[in-house]
Amino acid sequence: MAAGPRGKQTLTGWAMASPAFLLMLLFLITPFFLAFGLSLTNQRLISPNPAEYVGARNFENLLGLSFFVLEPERDEAGEVIRDDDGAPEYPRLRTFTRNNPDYPHLDGMREWMSIGWTDDSRLVLLASDVVFMKALTNTILFVIVVAPMQAGIALLLALLINQKLRGITVFRVIYFMPVVVSIVVVAFLWRFIYDGQNGLLNSMLGFLSFGVFQPVDWLGNPNTALASIMAMSIWQGVGFHMIIWLAGLQTIPVSLYEAADIEGANRWQKFRYITWPGLRNTAVLVLVIITMQCFALFPQVDVMTRGGPLDSTQTMVFQAVQRGYERQDIAGGSAISVLLFVFVLAISLTQRWLTRDKD
Amino acid sequence: MTDRHSIASLILRYLLLVWIALIFLFPLVFMVVSSLKPDLQLLRDSASVRAFLPVGDISIDNYGLAAERAPIARFVFNSLFVTATTVVLSLILCSMAAFSFVFLQWRGRGVVLAIILATFIVPFETIAIPLLLVVNNLPWIGIDGFRIGWINSYQVQIIPWIADALTIFLFVQFFKDLPKDLIEAARVDGASWFQIYRRVVMPLCGPVLATAAILKFLVMYNQYIWPLMVTQSEDYRPVMVGLQYFFQLNTAWGEVMAYLSLITVPVLAFYLVLQRAFISSIASTGIKG
């Protein structure tokens, strides 16, 4: 009967698969589900007290937002009090957010940003955790800017490197080189390139503009720090995606291009009607991988700016490590991890949907 | 199209290729060249093209100074030990699992494989914090006896990284393309499954072993966020975390460049020798699309 050998195969099959599977179960799948559970508690790394269920409090502390219209101070006649420049004076925000019984929902919140509202009043956006909000927006900005740029530049490089030219391998090897170098090494190296005093970038820009260019402290300026990290990240990672695009390009049958030549198609038409459709699966993969890498933004920030200046380079993973590791607040770090995963999943699914087979 | 026209276009194409190559090369050239210069000269040279030329007062003094600042030999040993051990164990356990998924008929294998492949979508960064809690509560019996908690050890850097979806996937893809007759013939000869794995299938695995080993090597050697959290003691720190010894207010750039070169140039050399294998292993992660 077949049950004998089949039963034996089951035993052998489990025996051979289980070491790897059990390791993944313990070190990947368990922590993944733990993240969801822990994010609803007040678990700390080391604590004398058992963790307690706290509901969605960690998420409220991270994501809490509120609007508030700040009216200017008025004198007894109801006139707006103005300072010497004519700007209205406002009550201190903390009179509303610190233990004010009339505004319990604002308790502990801080100003994130504000804009002019009607006449003299201002609309203030309050956040429970302003630093995390900056981390969240920076991370999303990083993904929105870096993912398409890196994918696009990588595709251009792949098309360039796919030409039949003598010595093209040398260029392929060089373009891929930064990928082999650790992002930690690259980040430390680029600190010198971006340095405000002796930095190579300032020297080069000064040279190219015949001395007109004024040196910039690229990482020390809140307006340029995140963009500098973006540029460096693209420099380091673009070769990786170039190779994946290249693998995709090489799966497109040469006969299609030959047929197009006979039909008299120009370069753009060949790209539009042969190359691009042939790369659809590759495009999904490249975008999903880049998105995951972008959300994981951490080593660059840790080495180059530690989240500064003025929190302009805070990221979600940096915040998760700050809480979960440095402050040993496992629950808070887990809550950020859960949010991170939700973002990665949402964006991956969206990308898959956008690039789906439309037939 | 005239000859002159095509030569001009050829030159333009090469100029573009070279120009882009310089963008990728200049930081790396600068790193190695600067590691040979004293700090004062390094800063002075940064204003001109001398930054990329090994000219002036050239020596390897920076390497000695860097070695005085940080226990570099220890860091390098730790990195190599952790990387090598993980790569070897990963190749063995992941290929064995893949063998079981492809060649053996057992109940639940489809589900287990699907679960493993689903973890592709989980970035390590999203499980790092709860994993910290897990390893902090795991028991270990070592030469110094029994203890709870894996923080500050080699095993905490090795064991969680052995099995991963990509490595298993690479082997599964490779095994699926092997001729089934090979396995059947060995079965008829009375070989056990383990013997088939060990003596029939593994000897054919050269290409996929190289691919998986290179990918795992890059991941392991370049680890940062995890060892940062689990190695407070310098006894177990790998090279990337060791970089923190050079974080200071007035950075000694010569020493930094020496340290960066020391931990990077061997990998780059390794890459240049095996560039075809490196590039095809990255490409093979793309085939799955």
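**Close-up views of chain A**

α11(A) and α14(A) run roughly antiparallel to each other in this predicted model.

**View 1. Packing of α11(A) against α14(A).** Two packed helices are described by the angle between their axes and the distance between the axes. Helix α11 covers residues 280-295 of chain A, and helix α14 covers residues 330-354. They pack at an angle of about 165°, with axes 10 Å apart. An angle over 145 degrees counts as roughly antiparallel, and this pair is therefore placed in that class. The crossing is right-handed. From α11(A), the contact uses Val284(A), Leu287(A), Val288(A), Thr291(A), Met292(A) and Phe295(A). From α14(A), Leu340(A), Phe343(A), Val344(A), Ile347(A), Ser348(A), Gln351(A) and Arg352(A) take part.

**View 2. Helix α5 of chain A, residues 168-180****.** At 1.5 Å a residue, its 13 residues should span 18 Å. The end C-alpha atoms lie 19 Å apart, which agrees. Buried residues of α5(A) include Phe171(A), Arg172(A), Ile174(A) and Tyr175(A). Phe176(A), Pro178(A), Val179(A) and Val180(A) are buried too.

**View 3. Surroundings of Leu23(A)****.** Leu23(A) sits in helix α1, residues 3-38 of chain A. Leu23(A) counts as buried because it has 21 C-beta neighbours inside 10 Å; the cut-off is 20 or more. Setting aside residues up to four places away in sequence, Leu23(A) touches Ile159(B), Ile162(B) and Ala163(B). Leu297(A) is 274 residues from Leu23(A) along the chain, and their C-alpha atoms are separated by 26 Å.

**View 4. The two assigned domains of chain A****.** Domain 1 spans 69-127 and domain 2 spans 131-354. Their C-alpha centres lie 41 Å apart.

Notes
Residues are numbered from 1 along each chain as its sequence is written. Chains are lettered from A and ligands numbered from 1 in the order in which they are written. This is a predicted model: local features need pLDDT of at least 70, side-chain atom pairs count only at pLDDT 80 or more; totals for chains, interfaces and linings use all residues. Domain bounds come from an automatic or database domain assignment. Helices (H or I, at least four residues) and strands (E, at least two) are DSSP runs, numbered from the N terminus. The expected span of a helix is 1.5 Å times one less than its number of residues. A residue is buried if 20 or more other C-beta atoms lie within 10 Å of its own, exposed if 12 or fewer, and partly exposed in between; C-beta atoms are placed from the backbone. Axes are lines fitted to C-alpha atoms, for helices over the stretch in contact, and angles run from 0 to 180 degrees between N-to-C directions. Angles under 35 degrees count as roughly parallel, over 145 as roughly antiparallel, 65 to 115 as roughly perpendicular and the rest as oblique. A crossing is left-handed if the near helix is turned anticlockwise from the far one by less than a right angle, and right-handed if clockwise. Two residues are in contact if their C-beta atoms, placed from the backbone, lie within 7 Å.
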